[in-house]
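The structure is shown first.

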Amino acid sequence: MSTPYAKLPAWADYGLIPLINLSVAFIVAGFVVMLVGENPFRAAVILVEGAFGRGTGIAFTLFYATTFIFTGLSVAVAAHCSLFNIGTEGQAYIGGLGIALVCLSLDSVMPWWVIFPIAIVAAAAFGALWGLIPAYLQAKRGSHIVITTIMFNFIAASVMVYLLVGALKPAGSQAPQTRNFLAGAELPKLNWVIELFGAKIRSAPLNICFLLALVMAFLVWLLIWRTRLGYEMRTYGHSPKAARYAGISETRIIITAMMISGALAGMMALNPVMGDQHNVAIDFVSGAGYVGIAVALMGRLHPVGIVLAAILFGMLYQGGAELAFEMPAISRDMIVIIQGLVILFAGALEHMFRPYIQALFASVSPKSVGMQAVKGTGA
Amino acid sequence: MAQAAIELIGINKSFGAVRANRDINLEVARGTIHGIVGENGAGKSTLMSILYGFYQADSGEIRVGGKPVSIHTSNDAIALGIGMVHQHFMLVDNFTVLENVILGAESDALLKSSITKARSELDRLEREYGLEVDPDAVIEELPVGLQQRVEILKALYRGAEILILDEPTGVLTPAEADHLFRILKQLKDQGKTIVLITHKLREIMAITDTVSVMRQGTMVATRTTKETTVGELAELMVGRRVLLRVEKGQSEAGAVKLSVKNLTVKDQRGVTMVDNVSFDVRGGEIVGIAGVAGNGQSELLEAISGIRHAVSGEVMLDGKPIDLTGKADPGELRDRGLAHVPEDRHHVGLVLAFEENENSILGYHDDERYLKGPFLDVDAIMADAKDKIEKYDIRPANPRLKTANFSGGNQQKIVLAREMEQDPGVLIVGQPTRGVDVGAIEFIHKRLIAMRDQGKAVLVVSVELDEIRSLSDRILVMFAGRVVGERGPDATEGELGLLMAGVEHQEAAE
């Protein structure tokens with residue numbers, strides 16, 4: 001009686017079940033669309049076409065996805081160490097501060113390929129430091145990380161407002177943002193890649209941060225499953241007592257995991273700041289940190305899943321914007337409802353359909369669910 | 001034979017793909033004590049949970065008193081006169097006995113009338129069955145044996161005619177267990193029917209009228225207790241012959257490897273759990289620590305292995321002290337040759353969500369053998385895990401399988417393989433065979449004795465008196481945090497039982 005449910009084959013676990021959950025989410029969303037008097041099928045077509053139909057749409061979808069990959073990875077790294085980092089939002093915001101300092105001081109003297117690596121380091125360092133304080137409080141004082149990281153989001157927001165209406169704002173400007181960066185701090189776009197496939201792009205913010213995000217996804221996989229540090233993080237994440245037994249320092253592992261998580265969150269800021277806006281404006285993170293929680297959960301804390309979930313949320317963002325434009329009855333808030341449904345079914349109710357699927361698998365092909373492997377044969 | 005109190009006919013139950021019960025047929029005669037034995041995971045608890053309404057059977061029929069019934073919740077079961085005493089008590093610690101008994105059976109919005117009624121009813125029950133419990137005592141102040149009686153009272157108060165007890169003696173001293181058995185016999189004489197789930201075959205022999213054996217989800221046999229033997233039952237449980245007591249030669253004790261002096265440990269609340277304990281363990285001997293669970297053994301093990309802070313005293317490993325501030329690095333102690341098989345393998349000794357190979361390096365993951373720079377050397381880890389699986393006959397032999405999917409015995413073998421293969425000088429083992437099937441017990445005992453014969457110092461803590469007596473060269477008995485006696489391996493169970501119960505009738509013999 002070790003596990004209540006048997007194992008499913010990997011493709012069903014990671015493919016079929018998320019697909020079913022997603023379908024149910026969209027069916028329910030369809031009813032909501034019907035309720036406001038619109039045709040759900042047309043809405044679905046507009047959503048998908050808006051996200052993937054034209055080159056510009058794809059570029060926007062991937063641009064949003066880039067942001068969510070970073071925040072999703074950030075949440076996942078902490079979660080593997082059983083730390084619920086809700087502070088990704090604030091860490092990304094403060095990461096933007098690091099980028100601003102680098103870009104504002106170097107953009108007139110250096111090309112982008114020099115500034116970019118420096119900015120990566122600065123963003124990661126600032127994000128990591130913003131994660132360090134809650135981590136220290138958790139490790140040394142037992143202050144719960146959920147509480148402290150939420151509070152640090154507010155502190156980050158206030159600090160940034162203070163700086164953006166003060167020290168960082170150009171004299172005489174009315175807008176609470178930094179001056180626009182010069183060409184030296186603008187990252188190359190990736191739109192030409194999509195154009196290679198024949199699609200036309202008018203103007204879209206997709207930039208090389210997308211590639212950086214994919215590299216980071218691979219590095220996170222390497223970290224979690226192939227390094228000693230990742231092993232220690234997972235051990236602590238599953239069982240702090242086992243970690244203590246194994247000689248893993250609680251303080252060290254909490255602080256390390258949170259700093260890596262914060263660094264990834266901070267790097268998220270590169271995408272909108274250097275890749276799109278070319279300045280640091282108030283509230284530029286705009287909830288991406290919280291979306292990262294949903295992305296990480298939906299991606300089952302695995303980098304591949306996170307990339308896919310990030311693209312899904314990118315699609316909802318981009319396609320949702322199109323939808324709100326095309327169907328006046330569907331407002332921005334409706335899009336948030338649809339996103340909420342996706343999170344509900346794919347995240348919170350993830351295991352709702354699992355028992356049925358497993359029963360189905362067990363009756364169709366007992367071997368595929370490892371029947372004979374589950375009970376030890378005595379010994 | 002008397003009329004059947006319970007009949008289970010063709011019960012099937014699956015969890016996902018796991019078939020926990022297959023075509024179970026069971027008939028329990030009224031007014032008898034019926035034992036159900038089987039290894040862990042054989043499906044005993046599932047079957048009883050179906051009877052008590054926690055689970056629904058996928059198919060099959062339940063008859064109580066000859067009539068087919070459907071039991072969907074535990075309330076249904078109670079209404080049918082079925083009561084259950086769980087392995088882990090379901091009591092509110094800071095309520096009185098009386099309050100616990102009426103919990104869930106209060107008749108009015110105001111408690112007064114329920115309490116008055118319950119008090120007189122309890123009085124009657126206690127007189128009738130010899131269940132002496134003060135109704136106004138607070139649960140947390142009662143010893144475990146009495147808490148268990150409260151559970152029995154609860155069931156009787158609800159009018160139970162059929163009483164199911166799940167592993168009732170796991171937490172009791174031998175004397176308390178004897179008392180429980182007297183109560184059960186008295187209940188039987190009054191016409192109650194009792195179903196006793198246990199894995200302790202001696203208890204089955206001592207008290208039951210009939211016994212049913214389960215193995216891997218099926219009911220393999222039902223015997224009249226008088227006509228069977230422990231050997232036969234063990235064989236039925238495991239499916240092959242087993243040695244119940246391991247053969248071992250004389251020990252050749254060498255130099256002192258582990259020395260504990262005046263060790264005192266307090267728990268988080270400041271209660272003294274280990275009180276001025278001193279003993280030595282020499283190379284080539286197994287020292288067993290007997291005692292009822294909760295008398296400081298766990299804290300002692302944790303202090304020695306550097307996980308728990310000790311208030312005072314010292315522990316020497318090969319003549320050099322161990323840091324007892326609770327900040328000791330267990331990794332460093334491992335390097336010094338101290339291996340520790342913790343009592344709680346589910347939360348401490350293993351990470352159940354890990355693959356088998358990942359657990360086979362837990363605690364030794366800093367070892368260069370398993371690393372390439374900061375990276376894990378996956379090939380080396382896999383090779384090492386396969387090697388251990390073969391040596392320790394861990395089944396299924398799949399290092400990629402999630403640890404939670406191994407049986408208890410095989411999980412314990414994973415821990416033992418990991419710790420023993422490091423070739424430690426001192427091995428400390430907590431509950432070596434808790435929740436382990438009979439077949440694996442034999443294997444584990446043999447391994448521990450082999451360690452001893454290689455000249456290692458082995459310290460075993462166990463609540464199973466049989467195990468302690470069968471393994472140890474010297475037996476220390478712990479009671480209330482103190483070592484209250486030392487005996488040789490030939491000490492009788494009664495003698496040890498008295499010590500375990502805190503009756504010091506003579507000074508500890510050296």
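## Overall architecture

The model is predicted. Chain A contains 17 helices and 0 strands. Along the principal axes, its C-alpha atoms occupy a box of roughly 75 × 60 × 40 Å.

Of the 379 residues in chain A, 50% are buried. Among contacts in chain A with a separation of 6 or more, 77% are between residues 24 or more positions apart.

## Helices 4 and 5

Helix 4 (residues 88-106) of chain A packs against helix 5 (residues 112-141) of chain A at an angle of about 145 degrees, and their axes are 7 Å apart. The crossing of helix 4 of chain A with helix 5 of chain A is right-handed. Contributors to the contact include G90(A), G95(A) and G98(A) from helix 4 of chain A, and A122(A), F126(A) and W130(A) from helix 5 of chain A. By class, this contact comprises 16 nonpolar, 6 polar and no charged residues.

## Helices 1 and 16

Helix 1 (residues 10-35) of chain A and helix 16 (residues 354-364) of chain A cross at roughly 125 degrees, with axes that come within 11 Å. Helix 1 of chain A is therefore oblique to helix 16 of chain A. Their crossing is right-handed.

On helix 1 of chain A the contact involves A12(A), L16(A) and I17(A), and on helix 16 of chain A it involves R354(A), I357(A) and F361(A). These residues divide into 5 nonpolar, no polar and 1 charged.

Definitions and conventions
Residues are numbered from 1 along each chain as its sequence is written. Chains are lettered from A and ligands numbered from 1 in the order in which they are written. This is a predicted model: local features need pLDDT of at least 70, side-chain atom pairs count only at pLDDT 80 or more; totals for chains, interfaces and linings use all residues. Axes are lines fitted to C-alpha atoms, for helices over the stretch in contact, and angles run from 0 to 180 degrees between N-to-C directions. Helices (H or I, at least four residues) and strands (E, at least two) are DSSP runs, numbered from the N terminus. A crossing is left-handed if the near helix is turned anticlockwise from the far one by less than a right angle, and right-handed if clockwise. Two residues are in contact if their C-beta atoms, placed from the backbone, lie within 7 Å. Ala, Val, Leu, Ile, Met, Phe, Trp, Tyr, Cys and Pro count as nonpolar, Asp, Glu, Lys and Arg as charged, and the others, Gly among them, as polar. Angles under 35 degrees count as roughly parallel, over 145 as roughly antiparallel, 65 to 115 as roughly perpendicular and the rest as oblique. A residue is buried if 20 or more other C-beta atoms lie within 10 Å of its own, exposed if 12 or fewer, and partly exposed in between; C-beta atoms are placed from the backbone.
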